[in-house]
Amino acid sequence: MKWKQLIRNKPLAIGGGLIVLLLALMVTSLFYTPYGPNDMNTAMRLAPPQADYWWGTDNFGRDIFSRIMEGTQTAFLIGFSSVAIGLFFGLIIGAVAGYAGGWVDEILMRIIDAKLAFPGILLAIMLVTVFGPGLGNTIIALGVMSIPAFSRIARSGFIQYKEFTFVKAAVARGAGPLRIIFRHILPNMTSPLIVAASLRFSGSILAEAGLSYLGLGVQPPDPSWGRMLSEAQPFIINAPWYVLITGAVITAMVLGFNLLGDGLRDAYDKQG
Amino acid sequence: MRFYIRKLLTLGSTVLLVSVITFLVFQVLPGDPAEIVLGVDADPHQLAELRQTMGLDRPAAERYLSWMKDTAAGDFGQSLRYHRPVADIVAERLPVTVSVALMSLGLTLLLGVPLGIYIARNDGKLPALLLSAFTQLGLAVPSFWLAFILILVFSVTFRWFPTYGYVPWSENPVRAFQSLFLPSLALAVPGIAVVIRYLRNTLLDQLRMDYVRTARSKGLREKIVLYRHILRNSLIPVLTIVGLLIADTLGGSIVVENVFALPGLGNLLITSIGTRDLPLLQTMVLYIAVIVVCINFVVDMLYRVIDPRIRLKR
Amino acid sequence: MASALLELQDMEVAFTIGKKTYPALQQISFQVKEGETVGIVGESGCGKSLTSLSVMGLLPETAAMTKGGIVLDGKFMEPASPERWGAVRGKQVSMIFQNPMSALNPLMPVGKQIAEMAMTHLSVSKPEAKRLATEMMVKVGLSRVERLYDDYPHQLSGGMMQRIMIAMALICSPKLLIADEPTTALDVTIQAQILDLLREMNRSTGTAILLISHDLGVIREVCDRVIVMYAGYIVEDAPVGDILDHPKHPYTAGLLQSLPGADKRGRPLYTIPGRVPALADRRSGCPFAGRCPSATDLCESVAPDLLQAAAHHRVRCHLYANGGRAV
Amino acid sequence: GCGSSNNSSSNGSGSSATGGTGASAPASTSGGKVKGGTVRVAMATEPDNLDPYLSAATDTGSMMDNVFDGLFEGGENSDLVPAVAESYKVSEDGLTYTFTLKKGVKFHDGSDLTSEDVYYSYAKLAGLNGKKPLSSKFAAIEKIDAPDDHTVVVKLKAKDAAFLAANIVGIVPKDYEGHSAKPIGAGPFKFNSYTPGQQLVLERNDSFYDKEHAPTLDRVEFKFMPDANASVLALKSGDIDMVPGISAQGALQLGSGFRIVSGPQNMVQLLALNNSVEPLNNVKVRQAINHAIDKDVIIKTVAEGNGVKLGSNMSPAMKMYYKEGLDKRYEPNAEQAKKLLKEAGYESGIKLTITVPSNYKFHVDTAQVIAEQLKAVGIQATIKQIEWSSWLEDVYNNAKYEATIVGLTGKLDPHEVLGRYETTYSKNFFKFSNSEFDNLVGKGRLEINPDKRAELYKQAQSILTEQAAAVYIMDPNRSVAMKDSLQGYKMYPIQKYDFAAMYYTK
Amino acid sequence: MTEALIQASSLTKHYPVPRQKLFEKRHMLRAVDGVSFRIAEGEIFGLVGESGCGKSTTGQLLVQLVKQTGGELFYQGRNISELSDGEMKSLRRDIQIVFQDPYSSLNPKKTIGWILEEPLIIHRIGDKRSRRKIVAETLEQVGLDPSYAGRYPHELSGGQRQRVGIAAALVLTPRFIVIDEAVSALDVSVQSQILNLLKELQQKRGLTYLFISHDLNVVEYISDRVGVMYLGKMVEIFTVGEAGDGPLHPYTRALFSSIPDVKMKRERVTLQGEVPSPIHPPGGCAFHPRCPLATDKCRVTAPELRRVAAGHEVSCHLYEEANDTP
Ligand SMILES: Nc1ncnc2c1ncn2[C@@H]1O[C@H](COP(=O)(O)OP(=O)(O)OP(=O)(O)O)[C@@H](O)[C@H]1O
Ligand SMILES: Nc1ncnc2c1ncn2[C@@H]1O[C@H](COP(=O)(O)OP(=O)(O)OP(=O)(O)O)[C@@H](O)[C@H]1O
Ligand SMILES: [Mg+2]
Ligand SMILES: [Mg+2]
């Protein structure tokens with residue numbers, strides 16, 4: 001019954017399907033890829049898709065499919081870690097601001113405002129320039145980029161739920177602030193946070209692609225779709241499949257998480 | 001009155017924080033700006049001279065304070081790379097970035113709002129579904145990729161628009177428009193998608209509101225209910241989104257200007273990072289951030305125009 | 001005897017959720033005569049609002065009239081005819097709602113919202129509409145109307161907003177005013193003012209009123225006749241005094257008995273066990289059988305018809321099957 | 001071979017020029033060569049300063065070289081061609097240089113170029129005007145004399161074989177300081193306008209002194225386009241006429257209607273090894289790495305075949321000084337590499353971090369290939385990308401690295417190339433130290449006889465190769481793509497675009 | 001009268017109003033403005049008044065969900081504001097509250113069992129098994145099957161939820177419960193069930209209630225004494241039923257006459273106008289602008305709450321003279 005409802009929710013079904021597919025690809029890539037992702041076959045450079053190379057090869061003669069598979073790991077790593085960072089700090093800032101209110105709120109929100117004044121990609125560019133490009137720093141930069149989104153949601157959630165009578169009731173029964181925050185308010189905020197996390201996930205994937213284009217993203221030898229896409233760019237006329245396939249995979253993941261987020265929102269809306 | 005003063009104060013404090021963040025970030029930038037300017041085989045004489053003119057021989061704290069002081073006085077210093085006042089350089093580049101941002105904002109609203117209304121009115125029907133799917137795609141495509149596809153299709157294949165460059169409005173408005181159209185479009189696509197989705201959702205939400213029922217019970221025609229009653233109420237949440245979009249648009253212009261070789265701030269920013277042109281970088285980042293802050297301020301004010309509940313509080 | 005202004009003929013309204021349909025209103029037949037004030041009472045979820053919305057042609061999208069129909073002022077109302085409804089709504093029938101705050105457009109000055117109504121139906125110019133609106137605002141007891149005209153809903157108190165709603169509803173002098181719980185959100189003192197106003201309006205303009213409330217006291221104050229609904233059915237329909245003083249249906253009787261008051265101090269209140277069944281839980285037989293103290297096996301299996309138990313008194317109960325006759 | 005036109009390869013066929021060139025189309029048509037026309041050139045970077053003495057960027061130099069002329073010009077074969085100077089003499093002791101100037105040379109503002117101007121220019125560069133010297137190449141000047149309008153006598157403090165090549169620097173008019181805004185030179189093109197972020201426009205100097213080499217093009221417009229792919233698309237769509245320094249991949253996208261000229265650009269791309277850190281301080285390990293790397297594969301994949309394999313730190317573009325055959329010293333041989341590693345005591349393999357400047361895609365790509373190749377002989381290479389500025393700081397200045405890939409740009413004088421490996425050289429980031437080498441290079445600096453000098457440097461190259469100071473990979477070709485109708489482009493051992501020699505054909 | 005369990009003396013709660021103009025004086029919203037009353041052990045004290053007059057605020061002051069800005073509150077003779085944190089926590093076991101909205105007063109993400117067990121965990125009462133037992137017993141006491149422990153609030157009807165709300169207040173076996181509009185959102189048939197339950201619990205356990213409602217019929221039915229509030233002030237406290245002598249204050253009278261009666265249509269005193277803003281309450285007697293009997297004195301001097309008879313206090317100038325003369 002519940003399953004049927006979820007499937008009827010089309011965005012959720014399509015988005016979830018895409019994500020599951022990509023997850024499966026990632027899990028497989030941990031054990032098996034058709035070719036070594038870095039194995040070069042200089043005799044087969046920029047080969048179009050064919051039986052041996054499903055999605056063709058790149059300019060070093062590496063198997064694009066294997067590299068895309070390998071790249072799922074980085075993509076999920078970037079997505080999950082940056083969202084985790086954003087969620088963790090965003091939640092703390094938002095919770096403190098929302099729960100404490102008053103001047104604490106005022107100060108924290110000023111800082112968030114100031115951070116929002118830097119367009120996300122600019123902030124990421126600044127951080128990556130300072131700390132240097134690379135997987136770890138990209139994740140940190142994208143994580144920092146996500147903090148405001150989460151802290152705003154957390155803050156408004158806390159402000160809203162603080163006034164809810166069930167919270168007041170818990171206070172009347174002697175519950176302390178920690179219990180109120182962790183047992184009463186947070187469980188009620190999971191839905192909007194999950195939705196936001198899903199949307200930020202795709203935001204991080206897109207931002208990584210942008211950073212890669214500017215040469216500031218994940219660096220070799222870590223495989224990255226963003227870098228693959230910008231590396232494929234020069235071959236747009238000679239080997240269009242390289243660009244199209246890489247672009248399509250990024251789009252698929254972003255689309256997947258966007259749809260998932262939308263679908264979850266719909267599902268929660270209906271429930272609430 | 002009090003509201004405005006309060007708003008201005010928060011605006012001021014945000015700007016101050018922004019400047020501090022900007023400064024701190026660029027102070028920890030690794031690398032010797034002088035050497036980057038002059039290159040690997042720099043002449044030691046030139047290097048020493050440049051270091052001195054850049055003030056790199058002074059302690060950081062001292063540079064801090066003097067930058068703050070000068071900036072407050074409107075003196076942004078000299079670009080290390082271009083040997084010209086930063087203010088002049090920024091003033092040259094700003095119109096390009098602002099033009100692109102405004103055009104893309106225009107495109108976003110001109111396309112996003114009608115399409116959003118269309119989808120909401122035809123919710124569940126095939127064309128609306130296709131459009132929704134299209135907007136989802138628009139949101140999921142990396143912007144530089146989209147830019148290349150646009151160049152490939154509209155410039156290389158059809159030759160409708162130039163592949164690069166910028167023609168000032170004062171020189172030739174038509175060519176100026178042409179030169180800015182593709183970049184603006186590339187920049188606007190995600191925004192259009194966001195506006196469509198947002199407008200659709202709020203419209204559908206509003207449709208369920210009590211006052212809509214009242215409007216219908218008055219015997220108003222559906223069109224009037226939609227345009228006179230629902231749309232205005234839906235604009236408030238859309239306004240928030242547009243406010244946020246402007247920041248994204250300015251951020252996105254960094255990438256898009258690079259692709260289209262537009263002489264705007266975004267383009268200059270990337271070059272300046274490479275050359276560690278600190279005075280220029282700091283000023284540009286500060287500019288962009290202040291623009292965003294000011295736009296949010298304007299959005300706040302617009303809220304008050306649209307929504308009497310905020311304007312006439314108590 | 002005045003002619004029937006509104007007549008509902010064996011109307012049935014059902015919700016479609018997924019692939020199933022759930023009837024929410026069944027066998028609804030009643031009349032409202034010109035100038036008459038009729039009340040509808042019943043517990044939450046009995047179908048009071050749904051009844052009123054179907055009269056306005058404003059059923060929710062998931063609901064549809066599946067049987068019977070509505071005759072308004074002698075004309076049969078086609079359910080799917082927007083033009084027809086557009087001309088009727090506001091002009092012949094208008095409606096006010098429970099929560100005036102959310103029922104008014106928050107972004108439009110209240111005066112304009114009234115004038116809009118006049119301009120839609122009376123084909124008057126803007127200044128003329130404004131004049132009519134301010135006049136109407138004075139009539140419903142608002143003061144300083146010139147200033148009030150440009151105020152926004154949030155600047156007004158609940159009572160004032162409800163007066164605005166009434167002014168809006170009556171500006172085109174409709175023949176019927178539907179008021180769905182117009183005072184539930186208001187304080188007793190303000191409720192009293194609004195009820196006075198409704199009565200006054202009924203008296204002075206001859207507008208018939210269909211008043212929905214779950215408060216029997218309110219019904220008594222305003223109405224000539226009252227319809228009791230239960231689980232989508234009309235269970236009793238009679239002049240107000242008859243019903244409140246000598247209720248026939250066990251449900252009506254139960255409702256009256258369970259009312260608290262100073263006179264019942266020290267004694268436990270009468271309670272109707274259970275609650276109104278949800279749409280999906282409705283079953284055959286008398287809908288009230290599960291909660292009825294005098295239910296028999298017959299009630300469990302056979303749904304009673306709405307019978308004429310006395311002059312002007314209809315009851316849907318097997319207890320009165322012998323004395324009455326089917327309508 | 002050397003960097004001359006006979007080595008240039010021509011890519012692309014047919015003579016069908018693409019349309020849409022409207023404004024830039026040549027004015028008249030007469031068989032082949034056409035007078036006039038505009039060339040729009042895509043440049044990746046903007047000029048750093050229009051003043052030739054304040055600018056340091058190579059790209060700026062190559063644009064402004066068309067505006068400024070010096071006593072000499074760099075020739076196609078790394079030789080010196082007289083420009084403003086008619087002739088010169090060197091004294092016996094090699095300390096005094098006497099230059100005779102051509103007559104009738106005029107600056108763009110119409111004034112004559114005389115020895116006064118040369119004096120002014122050189123005094124500024126050498127710091128003889130009381131200010132700091134602007135160029136260390138001229139710091140060796142002791143004094144300058146201008147006995148008459150057309151003679152300049154320069155006296156050096158010490159013998160310096162590299163001094164002559166320094167005289168390609170442009171001469172500026174006396175007492176004019178406005179070059180940053182409006183540069184004035186004596187070159188074949190005049191400065192027209194500079195729009196920051198957009199373009200630098202030059203126009204023909206009709207009163208150019210060298211009638212033989214007078215320019216034919218009306219205008220040259222340098223358009224600044226940071227994105228390399230976008231400039232390729234722009235060339236393809238006809239919005240641009242010429243893309244210098246087009247990437248090998250970009251060149252492949254063009255298709256017919258375009259010509260690609262390429263040749264060695266006098267750059268040495270190498271895998272620099274830090275000779276002072278374990279285990280790279282062992283020459284056997286360095287040699288093993290040399291044997292492990294197949295340079296041909298790198299040239300094929302990274303440069304699409306457009307590169308000349310190298311064996312030492314000298315490009316064949318430096319015809320005179322290039323020692324042939326060194327590129328054959330280390331043939332790719334995994335067995336040999338393993339054997340050398342074993343002898344060095346690293347049988348179980350080594351770990352190596354290759355630091356690469358992230359903004360050079362070319363080097364990053366090379367690093368990827370090398371890492372794969374090293375894996376085959378048991379060397380675990382990790383690629384660490386850092387920003388250019390960090391690279392300068394960590395690698396170039398402080399030699400905090402194990403291995404790095406970089407391209408060392410060519411110079412006209414061999415000392416500037418090989419001097420990098422001198423033990424005493426402050427930026428010797430190889431940490432290479434070899435007394436024999438130092439000795440050879442030291443002698444070379446003082447040797448004025450060109451042939452003897454060349455011999456010394458050739459010997460020094462052999463030492464570098466033998467000691468495996470680095471892995472010398474290739475001199476990647478400089479490729480310039482242009483419309484078929486654009487002709488006359490010449491390849492130089494330094495980055496130089498001589499638009500005076502270029503013209504449109506019908 | 002038995003000893004007072006709860007005593008409020010000049011209890012005051014002022015909320016600061018955000019300033020509208022820059023140099024404006026900071027205004028206060030006088031939600032509760034010097035209210036004094038005593039509630040005896042075992043008594044049901046009703047509190048009525050129009051919306052916004054400060055009923056809920058008073059209730060929340062008594063359970064210390066909001067802190068008073070003035071006045072004192074005594075529980076069993078002890079001044080609550082002098083209690084330490086630990087003492088305050090144990091006091092919370094004795095004083096409980098039931099809220100109006102049965103929808104928002106239960107945490108939607110938790111089962112009924114969890115909600116009912118939580119207070120026991122907070123106060124470290126019993127082990128897991130005994131807590132379960134207490135929960136089951138409490139559910140039975142409020143007329144719910146113990147199997148409801150596994151359900152979520154949204155699976156329950158409004159009446160059932162309100163029972164859970166009452167059960168949550170009962171698990172700690174309090175002595176005093178504030179019941180804030182606990183039956184207002186319910187249908188009459190359900191309302192009577194809950195009223196019966198509350199009355200029954202009160203009698204069985206000897207509980208004391210502060211019973212807040214704007215429904216005068218309900219208050220009259222259940223309370224022993226009723227306090228009437230207007231604009232943050234207590235205007236009258238009177239005893240209900242045979243023991244009392246009926247309300248005296250013009251406001252109380254108007255209020256009671258405004259209740260529509262099912263029995264008969266009767267003549268009413270309809271109050272004109274609406275309740276003024278508690279930010280700028282009228283000077284003198286706050287009720288004077290709407291009072292049909294207002295005199296000049298009422299416009300100037302605020303009356304005080306005075307005893308006019310046993311168990312009857314009124315704050316009105318009309319009833320001063322009679323009592324002033326001894
Ligand atoms: N949009 C809807 N979708 C599904 N069911 C609905 C919808 N609206 C109303 N219902 C159901 O229809 C029935 C009648 O609803 P209606 O609103 O007419 O009740 P009511 O008597 O007005 O109750 P109340 O006193 O709470 O306003 C209820 O059982 C309700 O659950
Ligand atoms: N947290 C608060 N901040 C500011 N003002 C408040 C706050 N809580 C209540 N008020 C104000 O205090 C006054 C009294 O509120 P209270 O909720 O006690 O009224 P009430 O009598 O319970 O009304 P109702 O019958 O509507 O529940 C109101 O004017 C209200 O707006
Ligand atoms: Mg209803
Ligand atoms: Mg309250």
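Predicted model: local features only at pLDDT ≥ 70, side-chain atom pairs only at ≥ 80, totals over all residues.
**Entry 1: domains of chain C**

I began with how chain C is divided. The domain assignment lists domain 1 as 4-92 + 174-279 and domain 2 as 103-172. I then looked up the distance between the centres of the two domains, which comes to 26 Å over C-alpha atoms. On the domain 1 side 16 residues take part in the contact, and on the domain 2 side 13 residues do.

Next I checked the area. About 1200 Å² is buried between domain 1 and domain 2 of chain C, and carbon and sulfur atoms give 72% of that. I asked which residues of domain 1 lose the most area to domain 2. They are C:Lys91, C:Leu197 and C:Met201, and together they make up 36% of what the domain 1 side buries.

**Entry 2: what holds the domain 1 side of that contact**

I looked for salt bridges between the two domains of chain C and the count is zero. Polar contacts do turn up: three residue pairs across this interface, with both residues at pLDDT 80 or more.

Which helices of chain C supply at least two residues each to the side of domain 1 that touches domain 2? I noted helix H2 (82-88) and helix H8 (188-205). H8(C) gives the most to that side, with six residues. I also sorted the residues on the domain 1 side by type and got ten nonpolar, four polar and two charged.

**Entry 3: chain C against other chains**

I checked chain C against two other chains. Chain A and chain C have no contact, and their closest C-alpha atoms are 10 Å apart. Chain C does not touch chain D either, and here the nearest C-alpha atoms lie 47 Å apart.

**Entry 4: chain A with chain E**

Here I did find a contact, made by 18 residues of chain A and 25 residues of chain E. The two chains bury about 1800 Å² between them, with 53% of it on carbon and sulfur atoms. On the chain A side, A:Thr165, A:Ala172 and A:Arg173 supply 38% of the area buried against chain E, more than any other three residues.

How many salt bridges cross the interface of chain A and chain E? The rule finds one. I traced a salt bridge to the side chains of A:Arg179 and E:Glu118, at 2.8 Å from N to O. I also noted 13 residue pairs in polar contact across the interface of chains A and E, both residues at pLDDT 80 or more.

Helix H7 (165-172) and helix H8 (177-213) of chain A each supply at least two residues of the side that touches chain E. By type, I have the residues on that side of chain A as eight nonpolar, six polar and four charged.

**Entry 5: ligand 2**

Last, I looked at what surrounds ligand 2. I have 13 residues around it, and the closest are E:Ser51, E:Gly52, E:Lys55, E:Ser56 and E:Thr57.

A polar side-chain atom of E:Thr57 is 2.4 Å from an oxygen atom of ligand 2. For E:Ser51, a polar side-chain atom lies 2.6 Å from a ligand 2 oxygen. For E:Gly52 I noted a polar backbone atom, with an oxygen atom of ligand 2 at 2.7 Å.

Key: Residues numbered from 1 in each chain as written. Chains lettered and ligands numbered in written order. Heavy atoms only, no water. Domains from an automatic or database assignment. Contact = heavy atoms within 4.5 Å. Buried area = accessible area lost by both parts, 1.4 Å probe. Salt bridge = Lys/Arg side-chain N within 4 Å of Asp/Glu carboxyl O. Polar contact = N/O pair within 3.5 Å; in protein donor to acceptor, adjacent residues only side chain to side chain. Helix = DSSP H or I, 4+ residues; strand = E, 2+ residues; numbered from the N terminus. Nonpolar A, V, L, I, M, F, W, Y, C, P; charged D, E, K, R; others polar. Near = heavy atom within 4 Å.
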